[in-house]
Amino acid sequence: MNTADRALPPKWAEVTLHDVLLGHANGKVLQHGWSPQCEKWPSGSPEDWGVLKTTAVQAGAFLEEHNKLLPKKLHPRAHLEVRPGDMLITCAGPRVRCGVPALVRNTRPRLILSGKMYRFRGNPELIDPRYLEALLLSPESQAAIDGMKTGISDSGLNLTHDRFVRLRVILAPLAEQTRIADRIEELFSDLSAGVAALEQVQRKLKRYRSAVLHAAVTGRLTAAWRKQHGPPPEPGNKLLARILVERRLNWETQTLAQYRKERRQPPKNWRDRYQMPVEPKPNDLPELPDGWCWATVDQLLIEGLSSGISVKGQDTPPGVAALKLNALTDNGFDYTAIRYIPIDRRTAEANAIREGDFYVSRGNGSLRLLGRGTVAQRPPRQIVFPDTMIRFRLSPSAAYLPTFWPSPLVRRQIEKKAKTTAGIHKVSQADLESIVVPLPPIEEQAEEIAMIQEKLSQIDAMEAEVKRGLARAMRLRQSILKSAFAGKLVPRDPKDESAKELLERVRCALKGRPTKSDDLPKRSKNAKKQRIA
């Protein structure tokens, strides 16, 4: 925090973070953690050792359940056990997750500090730990910490020991620190109650969205419509038969066109090469409304699924524009999220994004985002899609499928078929082709789409309002912290000992004291053995 351009409140002082921290046994004020190869599941019992994940450290909140079980074959490094009163800060990770501080107010035993975080403690004679946490969370400190991070990209940054301890901080008189911390806790408690209420609304809206889609794929959403309109002129089984005829005719047309393009005569048995689509397996399929039938994704395609381009590229021209995976959103593509790849004109044309095509992510680090789909809007120019996506070209009679795609029915199948390699969840083309969906009559499809869009648009509007409320709460939180460290949050007491006097008195008292603090965990006698293990 740099206070050179503004006056400090009376009796306040500016120091470095190092000046207010206690030293560890090794003479350093920051202690680095340990990152062994852990199990994939958490340590659910205080009897078992666990290693904290970086997600255990949230802005002003410590979540002890975010840990991984330490294997029995590894000796726990007991000197790294986290204790109440420890201050933690993440020191590695994406920009938004590097430099996140939290005070450990309570914790279960046998949780070990991760190698991607630091532990430290303020000198209680100089600084209230709650004040220190709030100080590190303040907009000024967070901006200063952000400027200290090093790394070649925002996806992997580091906060080094030497840089962090030079952070400039401002000290209020110790008694005033306590008043500030008390007031912040009071105000944040009220804010947290409001945020919790908004987050509960978010969860309910998510469940409502899922319920709407479930009602759609089971036919309950349009039950009254069916009763009013009677039997369909073309029930689902006849519609599917027509789609399958269109599918085959489209394949024959494209195959003949390819032979003509290559100036070759098709062989007599060329039609026998047509590959029949995967059919639904009759087992475990629930009953559908009258006039509906089950179909696979493969049966609803006008042509086979297609994967995109896997070519190394760069962020600037030359080359052909290609989407990044993060370009895929719930409402089309973000055509600014592109890179440039060296491919020829024919390859570019074959893989160009076409308005109306449906695209699905085939791999993602998050299982929740795996298989996420979107309908492409008109691209501003020729842009190709990457191999992290699969293209669906659906029959015009199956245009309802993208609307059904986020439903619990489809999500369950995607997640069941998913395979994980090196932390990345993936589905294959064959997995997606075999997904089973209900096929309503064409007239009912239009009604389903209209009703779903109406209800989801209402949910979207409510979710947007909740997000605005959460954003206002975040801005208010930052405003409270800014006021606190401008000396405007609580009244000052002229009887308080000034921060400068306090610093001088503590420095004088520290002369002759041992540098090792008795408040911090000691290394065990077997520490060297544990480090080797």
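**Exercises on loops and backbone**

R110 is partly exposed, with 32% relative accessible area. The model is predicted, and local features need pLDDT of at least 70, while side-chain atom pairs count only at pLDDT 80 or more and totals for chains, interfaces and linings use all residues. Residues are numbered from 1 along each chain as its sequence is written, and side-chain values use heavy atoms, with hydrogens and water left out.

**Exercise 1.** Determine where R110 lies and what its phi is.

Solution. Begin with the location: R110 sits in the loop between β9 (101-103) and β10, where strands (E, at least two residues) are DSSP runs numbered from the N terminus, as are helices (H or I, at least four residues). Then take the backbone: phi of R110 is positive, about 65 degrees, although R110 is not a glycine. Most residues other than glycine have a negative phi.

**Exercise 2.** Decide whether S114 is buried or exposed, and list its contacts.

Solution. Next, S114 counts as buried because its relative accessibility is 6%; buried means under 20% relative accessible area, exposed over 50%, and partly exposed in between (1.4 Å probe, protein chains only). Finally, leaving aside neighbours within four places in sequence, S114 is in contact (heavy atoms within 4.5 Å) with G33, W34, S35, V51 and L52.

**Exercise 3.** Classify the accessibility of R263 and give its phi.

Solution. R263 belongs to the loop between α6 (236-261) and β15 (293-296). With 80% relative accessibility, R263 counts as exposed, and its phi is positive, near 55 degrees.
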